[in-house]
Amino acid sequence: MSRRKTELNAEGFTVKATLKNAVVVGPRASRVFHECPAKPSTFRKYYEREELPIAVKHENRGNSIAWKVDVETLDYHHYLPLFFDGLTETAFPYELFARQGIHDMLDRGGPKILPVIPQLIMPIRNALNTRNHQVMCTTMKVLQHLVMSADKVGEALVPYFRQILTVFNLFKNNRKNLGDGIDYGQWKKEDIGELIEETLQILERYGGPDAYINIKYMIPTYQSCLTN
């Protein structure tokens, strides 16, 4: 066998040949922003068993919720966490009932709301962790209402920031810049980045002296709205 032929056969074992034939595989795409579908909520199960004191109210301007009992007489320790559990729902009528039911109960709950805060943290966290834009926006609006619904609620939420603000840090910079175009998501207050900033500011304003440092720990890029 000639020297030339030997070199050709040996080429497959050289470093140069190995690099030439190598296939470079890029890193796996991050799934941190991908939706995490939620299982049917406990709220849905209660509704389907007709164990909730609500019904659909059909009006010319659209569907709404009709309560079968006075909201102020409800057992908030039972019903408020149950409705918060429905925040993961996106289908009609579950989403409508859960969302409007929560706002109705927060409007009229007064001192009944504060003692229930520990029971609301897991449903809030589960809803945010779906990474579903509709669910996240709905949950942040509910969170804003919750903070302002009764005295001391904002301060009561501060110890739970580490559980509920992780997703905020991931999506904080998720904002749309369309120049002169119209962003209907922003018009409806459904731009996640804007809602996150707005929600953080409300949490800081109502959370007492320890709110800012706890927000800053979870979201290092957050700038206080009280010192500007």
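**Group meeting talk: a walk along one predicted chain**

Let me begin with Leu114, whose place is in the loop between helix H5 (94-109) and helix H6, where helices are DSSP runs of H or I with at least four residues, strands are runs of E with at least two, and both are numbered from the N terminus. Please keep in mind that this is a predicted model, in which local features need pLDDT of at least 70 and side-chain atom pairs count only at pLDDT 80 or more, while totals for chains, interfaces and linings use all residues. Residues are numbered from 1 along each chain as its sequence is written, and side-chain values use heavy atoms, with hydrogens and water left out.

Staying with Leu114, this residue counts as partly exposed because its relative accessibility is 31%; buried means under 20% relative accessible area, exposed means over 50%, and partly exposed lies in between, using a 1.4 Å probe and protein chains only. Not counting residues up to four places away in sequence, Leu114 touches Asp151, Lys152, Val153 and Ala156, where contact means heavy atoms within 4.5 Å. The C-alpha atoms of Leu114 and Glu155 are separated by 10.0 Å, although these residues are 41 apart along the chain.

Most residues other than glycine have a negative phi, and most peptide bonds are trans. Arg131, in the loop between H6 and H7, also has a positive phi, of about 60 degrees, but Arg131 is buried, with a relative accessible area of 14%. As for peptide bonds, the one from Phe92 to Pro93 is cis, with omega near 5 degrees, and Pro93 has its place in the loop between H4 and H5.

Now to a pair of helices: helix H4 (residues 76-85) and helix H6 (residues 117-128) pack at an angle of about 10 degrees, with their axes 8 Å apart. Here axes are lines fitted to C-alpha atoms, for helices over the stretch in contact, and angles run from 0 to 180 degrees between N-to-C directions. That makes H4 roughly parallel to H6, since angles under 35 degrees count as roughly parallel, over 145 as roughly antiparallel, 65 to 115 as roughly perpendicular and the rest as oblique. In this packing, His77, Leu80, Pro81, Phe84 and Asp85 in H4 meet Gln119, Leu120, Pro123 and Ile124 in H6.

Asp85 turns up again beside Ser41, which, leaving aside its neighbours within four places in sequence, is in contact with Asp85, Gly86, Thr88 and Glu89. Ser41 is found in the loop between helix H2 (15-21) and helix H3 (42-48), and at 3% relative accessibility it counts as buried.

Finally, helix H12 (residues 192-206) has 15 residues, which at 1.5 Å a residue should span 21 Å, and its end C-alpha atoms are 21 Å apart, which agrees; the expected span is 1.5 Å times one less than the number of residues. Its buried residues include Ile192, Leu195, Ile196, Thr199 and Leu203, and among the elements that cover the buried residues of H12 are helix H7 (133-147) and helix H13 (211-218). Just after H12, Gly208 takes a positive phi of about 85 degrees.

For the chain as a whole, the secondary structure comes to 13 helices and two strands, and buried residues make up 40% of the 228 residues.
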